Amino acid sequence: MKDKLSKFSQWLFSAIITLLGFTSTSCFTLAYGCPTSDYQAEGRITDQEGYPIKGIEVKAKFSDGETSDTPAVYSDEDGAFITDKHRDRYIVSLTATDIDGEKNGGEFETKEIDLTKMKPDIQRSKKNEWYSLNLYKDVEIKLTEKTTNEE
């Protein structure tokens, strides 16, 4: 009886250690690699007439609701912008904010664009099939001028 109990406890202990060993890693990176994706958005910011607006701050918002740890990017002379690549963090929206006031063609309202309704262009790496870039291309952000309440 004691021998059977000892063998059972050894088997149980081995099974637990084995399960803990395999579940303690999220991916077998040394043997096979982990599938990863970068998320990025690029587009253009214009006024209602279609003229590009320079110097607009663009910040990405992620599925976890965070924006504070992401660096802002700014639109260039053609209104173009491109966000940094974000590893394994889904971009759900972009917020465009006029931070320079009247300097670049007027004061504009802040606008948030929902990217969850857009389908990203998925670009797979030829060298590494585990990697892909999910690029939201040609995001158009049209800003409206702020209205003043002068009486």
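Which residue lies over the face of Phe62? I found that Arg89 does, at 3.9 Å from the ring centre; a charge sits over a ring if NZ of Lys or CZ of Arg is within 6 Å of the ring centre and within 35 degrees of the ring normal.

I note that this is a predicted model, in which local features need pLDDT of at least 70 and side-chain atom pairs count only at pLDDT 80 or more, while totals for chains, interfaces and linings use all residues. Residues are numbered from 1 along each chain as its sequence is written, and side-chain values use heavy atoms, with hydrogens and water left out.

Next I looked up aromatic pairs (ring centres of Phe, Tyr or the six-membered ring of Trp within 6.5 Å; planes under 30 degrees apart are stacked, over 60 edge-to-face, the rest tilted), and the structure holds one. The centres of Tyr39 and Tyr90 are 4.9 Å apart with the planes at 65°, so this pair is edge-to-face. Because Tyr39 lies in strand β1 (residues 36-47) and Tyr90 in the loop between β5 (86-87) and β6 (91-98), the pair ties together parts that are 51 residues apart in sequence. I took helices (H or I, at least four residues) and strands (E, at least two) as DSSP runs, numbered from the N terminus.

For accessibility (buried under 20% relative accessible area, exposed over 50%, partly exposed in between; 1.4 Å probe, protein chains only), I noted Tyr39 as buried at 8% and Tyr90 as partly exposed at 48%.

Lastly I turned to β6, where six of the eight residues are buried, so the strand is largely enclosed by the rest of the structure. Strand β2 (residues 56-62) pairs with β6 (pairing needs at least two DSSP bridges between strands) in the antiparallel sense over seven bridges, with Glu57 partnered by Thr97 of β6.
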